[in-house]
Amino acid sequence: MPDQAQGLRALMTRARGNTAASAVPQETTELPDAAVVYDSRPTTRCHSSSQARVIAVTSGKGGVGKTNFSSNLALALVQAGKRVMVVDADLGLANLHVILGINPPFTLEHVMRGEKNLDETIFTGPLGLKVLAGASGMTELANLDSARRDCFLEQIVDLDRAAEIILLDTGAGVSDNVAAFLSAAREVIVVTTPEPTALTDAYATIKVISRQSSDIDLKLVVNMANNEVEARAVAERLTSISRRFLNIELKSLGYVPNDQTVPKCVRAQYPFLLSSPNSAAALSIVKIAGKLISSDQSDIRGAGLADMLQRMSRFFQRRNAAGDRS
Ligand SMILES: Nc1ncnc2c1ncn2[C@@H]1O[C@H](COP(=O)(O)OP(=O)(O)O)[C@@H](O)[C@H]1O
Ligand SMILES: [Mg+2]
């Protein structure tokens, strides 16, 4: 099987106008998917096992537990043997590092300013979990000059093998920035609580996502449920109205109970999955991680970090162009 990084690197060389055929390994011609790096057309589906699944975690309402869910889910996936990277994509309330109890010294902004290499900003957290903080730097992607952008994408090529699963912890609602991250993912997990306000906002978010991109695989997690019966009722209600009014199949991944271990661990700045592995919240997260792994289908695979950033860059370019016109 041809090496993905090798293929992307060769494409970079070609894109810079280096026509020396010897610089391009023969097998790269078998990697049409890699062309997404320089191709502004919609990306093609990719089926290589070396490419990361990009999964965004979002919600309609704030404070429903996205960050606790994504950080502990990321750790559960690592425990299940996956190489995982979690990205703090909440540009307003970036606090993923607080919940993980880490303090990454550099962020993506340093990379954008040309002060650091990308690999210096990927922080290794508990269990070897990779953490990328300061995702707000991604909004600058569209404005980089082409030389800087080439340099950045080249670094991503090397990084792309760091993770099999990339989890994006986004902000709530559907602002432009959240939409950019959602458009970069092929799978989106919507987190809600059983509260009527959270449910209404979750449905509004599902509606916007389903209208924006038809190829996103939407999943649901009910957090802070009082019991399984309540969680099931909430999930059934949302899946049935999504089917009826939006014509989409929302897949329920299960629920996380209301568990006081969670706020206790937030205060201690230590993930509950590690400090209280037998708590109800931790056990349910492990179950959800198992479901997520078993739902891994090649047809919903992304094309890794490079594809994700390319999709985001296009999103911001479109947005900037629309801004220029108005
Ligand atoms: N399953 C749970 N049980 C009890 N409290 C929870 C649970 N999940 C999250 N919380 C609490 O909810 C609050 C918001 O969580 P957070 O993950 O920061 O939400 P978000 O990222 O959606 O804004 C935190 O104080 C956290 O302790
Ligand atoms: Mg959060």
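Aspartate 201 is buried, with 21 other C-beta atoms within 10 Å; a residue is buried if 20 or more other C-beta atoms lie within 10 Å of its own, exposed if 12 or fewer, and partly exposed in between, with C-beta atoms placed from the backbone. The model is predicted, so local features need pLDDT of at least 70 and side-chain atom pairs count only at pLDDT 80 or more, while totals for chains, interfaces and linings use all residues. Residues are numbered from 1 along each chain as its sequence is written, and chains are lettered from A and ligands numbered from 1 in the order in which they are written.

Aspartate 201 is found in helix H8; helices (H or I, at least four residues) and strands (E, at least two) are DSSP runs, numbered from the N terminus. Leaving aside neighbours within four places in sequence, aspartate 201 is in contact with Gly60 and Lys61, where contact requires C-beta atoms, placed from the backbone, within 7 Å. Serine 59 is 142 residues from aspartate 201 in sequence, and the two are 7.6 Å apart in space, C-alpha to C-alpha.

Two packed helices are described by the angle between their axes and the distance between the axes. For helix H8 (residues 196-212) and helix H9 (residues 228-246), the axes come within 11 Å and cross at roughly 35°. Axes are lines fitted to C-alpha atoms, for helices over the stretch in contact, and angles run from 0 to 180 degrees between N-to-C directions. The crossing of H8 and H9 is right-handed; a crossing is right-handed if the near helix is turned clockwise from the far one by less than a right angle, and left-handed if anticlockwise. On the H8 side the contact involves Leu199, Ala202, Tyr203, Ile206, Lys207 and Ser210, which meet Val234, Leu238, Ile241, Ser242 and Leu246 in H9. By class, eight nonpolar, two polar and one charged residues make up the contact of H8 with H9. Here Ala, Val, Leu, Ile, Met, Phe, Trp, Tyr, Cys and Pro count as nonpolar, Asp, Glu, Lys and Arg as charged, and the others, Gly among them, as polar.

The strands form an open sheet of eight, in the order S3-S4-S2-S5-S1-S6-S7-S8, with mixed pairing; two strands pair if DSSP finds at least two bridges between them. Strand S3 (122-124) and strand S8 (251-257) stand at the edges with a single partner strand each, so one side of each is left without a neighbour in the sheet. From one strand to the next, the twist averages 25°.

Strand S5 (residues 165-172) runs parallel to strand S2 (residues 84-89), and six bridges join them. Alanine 89 has threonine 170 in S5 as its bridge partner. S5 also pairs with S1 in the parallel sense, over six bridges, and the partner of valine 57 in S5 is aspartate 169. Eight of the eight residues of S5 are buried, so S5 is largely enclosed by the rest of the structure.

Helix H7 (residues 176-184) lies across strand S1 (53-59), S2, S5 and strand S6 (187-192), and runs at about 155° to S5. H8 also packs on the sheet, where it touches S1, S6 and S7, and its direction makes about 165° with that of S6. Within H7 lies asparagine 177, which counts as buried with 23 C-beta neighbours inside 10 Å. Not counting residues up to four places away in sequence, asparagine 177 touches Leu91, Thr139 and Gly171. Phenylalanine 315 is 138 residues from asparagine 177 along the chain, and their C-alpha atoms are separated by 9.6 Å.

Positive phi values occur at two residues described here. Leucine 127, a residue other than glycine, has phi near 60°; leucine 127 lies in the loop between S3 and strand S4 (130-132) and counts as partly exposed, with 15 C-beta neighbours inside 10 Å. Methionine 224 likewise has a positive phi of about 60° although it is not a glycine. Methionine 224 is placed in strand S7 and is buried, with 23 other C-beta atoms within 10 Å.

Ligand 1 is surrounded by 17 residues, the closest being Gly65, Lys66, Thr67, Asn68 and Pro263; a residue is near a molecule or strand if its C-beta atom, placed from the backbone, lies within 6 Å of it. Helix H2 (66-79), strand S7 (217-225) and helix H10 (261-268) are the elements that give two or more residues to this shell. By class, the shell around ligand 1 has seven nonpolar, eight polar and two charged residues.

Conventions:
Two residues are in contact if their C-beta atoms, placed from the backbone, lie within 7 Å.
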